[in-house]
Amino acid sequence: MCAPKLLHHSELGLIRFCEECRHYQIAFGTIVFTLDVKDFYHFSTSINKISTIETECKIKDIWINLPAEDVGLLLNTLELIKLKELVGLSLHTQKLNTILQEVGLSSPK
Ligand SMILES: [Zn+2]
């Protein structure tokens, strides 16, 4: 049974990871989607390639493709910055959890 663990939570969303099926669950704005490890790293790399020069522009003009056919995210610059933060901090948390487990400081529950 899926028991995804929270990696990071922000005002715009959250990311959880299920150790059993090795899937990430991403909730951002009003959308929730699931990615496997390979797709999540690809997603992370591709959003980080998009420039986020901060502007006052509130128009949603950044399209991010998702692996599901004909489904994507449409964001403005500020939302993309927040998404990058959420993904980045989630990956850091996951790395930290792995290190803690390896040295026996945390039990994988
Ligand atoms: Zn699962």
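**From sheet to core**

An open sheet is built from 4 strands, ordered E1-E2-E3-E4, with antiparallel pairing. E1 and strand E4 (31-36) are its edge strands, each pairing on one side only. Direction ignored, neighbouring strands of this sheet are turned by 20 degrees against each other on average. This is a predicted model.

E1 and E2 run antiparallel and are joined by 4 bridges. A hairpin of 3 residues connects E1 to E2. Within this pair, leucine 6 has arginine 16 in E2 as its bridge partner.

Histidine 23 has its bridge partner in E4, namely aspartate 36. Helix H1 packs on the sheet and touches E3 and E4. The direction of H1 makes about 115 degrees with that of E4. H2 also packs on the sheet, where it touches E1, E2 and E3. The direction of H2 makes about 135 degrees with that of E1.

Two strands remain. E5 and E6 run antiparallel, joined by 4 bridges. Isoleucine 64 has leucine 73 in E6 as its bridge partner. The two strands form a hairpin with 6 residues between them. In the turn sits aspartate 70, with a positive phi of about 60 degrees.

Step back to the whole chain. The protein has 2 helices and 6 strands. Along the sequence they follow the pattern β-β-β-β-α-β-β-α. The C-alpha trace spans about 45 × 30 × 20 Å along its principal axes. Of the 109 residues, 13% count as buried. Among contacts with a separation of 6 or more, 35% are between residues 24 or more positions apart.

Which residues make up the largest nonpolar core? There are 12 in all: Leu7, Ile15, Phe17, Tyr24, Ile26, Phe40, Phe43, Leu73, Leu75, Leu83, Leu86 and Val87. At least two residues of this core come from each of E2, E3, H1, E6 and H2. H2 gives the most, with 3 residues. In soluble globular proteins, nonpolar side chains tend to be buried together. Phenylalanine 40 is one of the core residues. Leaving out residues up to four places away in sequence, phenylalanine 40 touches Tyr24 and Leu35.

Which of its residues are buried? They are Thr77, Leu83, Leu86, Val87 and Ser90. The cover over these buried residues includes strand E1 (5-9), E2, E3, helix H1 (37-49), strand E5 (62-65) and strand E6 (72-75). After H2 comes glycine 104, whose phi is positive, near 75 degrees.

Turn next to lysine 5. Lysine 5 lies in strand E1. Is lysine 5 buried or partly exposed? Lysine 5 counts as partly exposed because 13 C-beta neighbours lie inside 10 Å, and a buried residue needs 20 or more. Lysine 5 touches Arg16 and Phe17, with residues up to four places away in sequence not counted. Lysine 5 and arginine 16 are 11 residues apart in sequence, yet their C-alpha atoms are 5.1 Å apart in space. Phe17, the other contact of lysine 5, belongs to the nonpolar core.

End with glutamate 19. Where is glutamate 19 found? Glutamate 19 is in the loop between strand E2 (13-18) and strand E3 (23-28).

Methods
Residues numbered from 1 in each chain as written. Predicted model: local features only at pLDDT ≥ 70, side-chain atom pairs only at ≥ 80, totals over all residues. Contact = placed C-beta atoms within 7 Å. Pairing = 2+ DSSP bridges. Axes fitted to C-alpha atoms, helices over the stretch in contact; angles between N-to-C directions. Core = buried A, V, L, I, M, F, W, Y, C linked by C-beta atoms within 7 Å.
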